[in-house]
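Thanks for coming. I have one structure to go through today, and I will keep to a few local features. Please bring it up on the screen.

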Amino acid sequence: MKKSKDILMPVNVAGLKFKNPFIVGSGPTAKWIEQLIEAEEVGWGGMSIKLTMDPDPYINPAPRYRWFKDRNFHIFTSEHRLIFAEGLRLVEKGRKKTKDIIIFANIAYSGDRGLAGWENMARKFEGAGADAIELNFCCPNMSFSQEQVGKSKKGRPVSGASLGTNPEIVGKAVKSIVSCVGIPVFAKITPEGGNIGDVAKAAVSNGAAGISSVSNRTGTPPFDINRVDMSTYWLQEGFSLGCMSGPWLKPLAQKDVFQIRKAIGPEPAIIGLGGVQNYVDSIEMAMVGADLIGICTETMLRGFGILPKIIRGIKEYINRTNSKSFSELRDRMIPYLLSADGLKTLPGHAIVDRELCIGCGKCLKIGHCNAIELKDKKAYIKAEQCLGCSTCTDICPENAIAMKSI
Ligand SMILES: Cc1cc2nc3c(=O)[nH]c(=O)nc-3n(C[C@H](O)[C@H](O)[C@H](O)COP(=O)(O)O)c2cc1C
């Protein structure tokens with residue numbers, strides 16, 4: 001697929017010029033030079049290359065993935081990262097073979113040189129031609145996975161989400177790395193800790209140009225209750241807590257982006273990732289605070305060719321709503337996300353359309369409701385007992401119940 005003018009939707013973020021706000025999220029579709037070239041050909045604004053580690057990754061098995069389409073999530077633990085020389089080669093070659101795709105180097109240092117090791121990586125990636133650094137404080141599959149199952153030991157390497165849950169560590173690392181490179185530094189942080197906003201604030205107050213969020217969330221992989229020892233994965237024995245991503249993640253990811261935007265204010269950039277599949281997801285992500293949109297799982301499942309349709313959808317939306325640009329959509333939802341005590345419930349009750357009701361009785365079974373009975377083989381709502389909760393409208397298979405305000 002060749003790039004067309006249709007993919008142009010320029011944005012300036014963190015001093016970088018993107019031809020559109022779409023970034024291929026760090027992962028399996030950002031590992032090889034061919035992928036970088038193809039992403040540019042299709043028209044992606046940027047790519048964050050697969051996590052590069054120095055020293056060589058201390059856990060680095062072959063990739064084993066599962067996509068549970070019926071449950072809308074992707075899950076994995078086993079994953080192969082790049083070693084330092086591979087990452088550098090990819091960026092160096094990629095920079096020469098591509099023109100305007102913005103290349104992020106997603107990096108983690110886990111050796112005993114501490115901050116000097118991080119700085120060395122960042123400097124070398126800048127030298128190789130990376131446009132931005134993305135510090136990986138998010139990977140939950142290495143030391144964090146060991147911690148979660150109670151296997152962490154003193155003296156073992158530490159990386160990813162183990163660091164990203166601690167604002168002090170993130171702040172310190174960002175400060176030292178920002179001081180030694182001229183390109184923007186992003187911190188990719190984890191939702192696995194406490195308040196993600198605190199970590200984001202620590203990163204930007206120490207000089208990060210932006211925050212990438214969200215990475216994956218960890219959960220137990222689906223398992224067979226009759227064979228609990230049997231792995232969910234093909235060609236893999238045993239399982240661990242898995243990294244979950246894809247559409248299932250979207251509401252959680254949007255919450256994280258919202259919280260980060262509230263914490264860091266309007267200036268620093270946010271790359272919003274998590275469950276984005278289409279133009280609506282992308283607009284939603286912008287509306288809760290993202291400047292750029294990262295997509296990983298969807299590119300794994302359907303390739304880079306998803307982009308033009310997403311951009312077409314956004315352009316149509318912008319025209320239809322008389323908006324000026326994609327950037328103008330940012331934060332639109334934020335004023336409407338109130339705290340619980342700011343909400344106003346309105347009086348009212350459910351009503352039944354007797355024409356539509358088939359008398360199946362499903363609404364009578366709602367455990368917290370005493371307001372519904374069958375009368376002449378149709379649901380009947382005792383308005384004075386109706387809580388107004390509206391569960392019945394969602395339970396009814398015939399859409400025969402609606403809410404009426406009074
Ligand atoms: C198989 C796989 C590998 C990933 N590897 C990395 C990685 O190396 N570095 C990183 O920062 N994020 C990594 N991620 C996280 C994604 O970049 C992204 O943040 C996350 O999956 C949520 O977005 P999505 O729902 O569009 O996939 C990986 C995700 C998947 C599914």
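Helices H6 and H7 cross in the right-handed sense. Keep in mind throughout that this is a predicted model. H6 covers residues 167-178 and H7 covers residues 196-205. In general, a pair of packed helices is described by the angle between the axes and the distance between them. Here the angle is about 20° and the axes are 8 Å apart. Angles under 35 degrees count as roughly parallel, so H6 is roughly parallel to H7.

Which residues of H6 and H7 meet? From H6 they are Pro167, Val170, Gly171 and Val174. From H7 they are Asp198, Val199, Ala202 and Ala203. Sorted by class, this contact of H6 with H7 has six nonpolar residues, one polar and one charged.

Next, the sheet. It is open, has four strands in the order S5-S6-S13-S12, and the pairing is antiparallel. S5, residues 65-68, and S12 are the edge strands, each pairing on one side only. Averaged over the sheet and ignoring direction, neighbouring strands are turned by 30° against each other.

I will stay with S13, which is residues 242-245. On one side, S13 pairs with S6, residues 73-76, in the antiparallel sense, over three bridges. Within that pairing, Phe76 stands opposite Cys243, and Ile75 has Met244 as its bridge partner. S13 also runs antiparallel to S12, residues 217-219, and three bridges join these two strands. There, Gly219 is opposite Gly242.

Are the faces of S13 covered or open? Both are covered.

Last item: a loop residue. Where does Ala30 lie? Ala30 is in the loop between strand S3, residues 22-24, and helix H1, residues 33-42. The cut-off for buried is under 20% relative accessible area; Ala30 has 0%, so Ala30 counts as buried. What is Ala30 in contact with, leaving aside neighbours within four places in sequence? The contacts are Gly25, Gln35, Met47, Ser48, Ile49, Lys50 and Leu90.

Notes
Residues numbered from 1 in each chain as written. Predicted model: local features only at pLDDT ≥ 70, side-chain atom pairs only at ≥ 80, totals over all residues. Heavy atoms only, no water. Axes fitted to C-alpha atoms, helices over the stretch in contact; angles between N-to-C directions. Parallel < 35°, antiparallel > 145°, perpendicular 65-115°, else oblique. Left-handed = near helix turned anticlockwise from the far one by under 90°. Contact = heavy atoms within 4.5 Å. Nonpolar A, V, L, I, M, F, W, Y, C, P; charged D, E, K, R; others polar. Buried < 20%, exposed > 50% of the residue type's maximum accessible area, 1.4 Å probe, protein only. Pairing = 2+ DSSP bridges.
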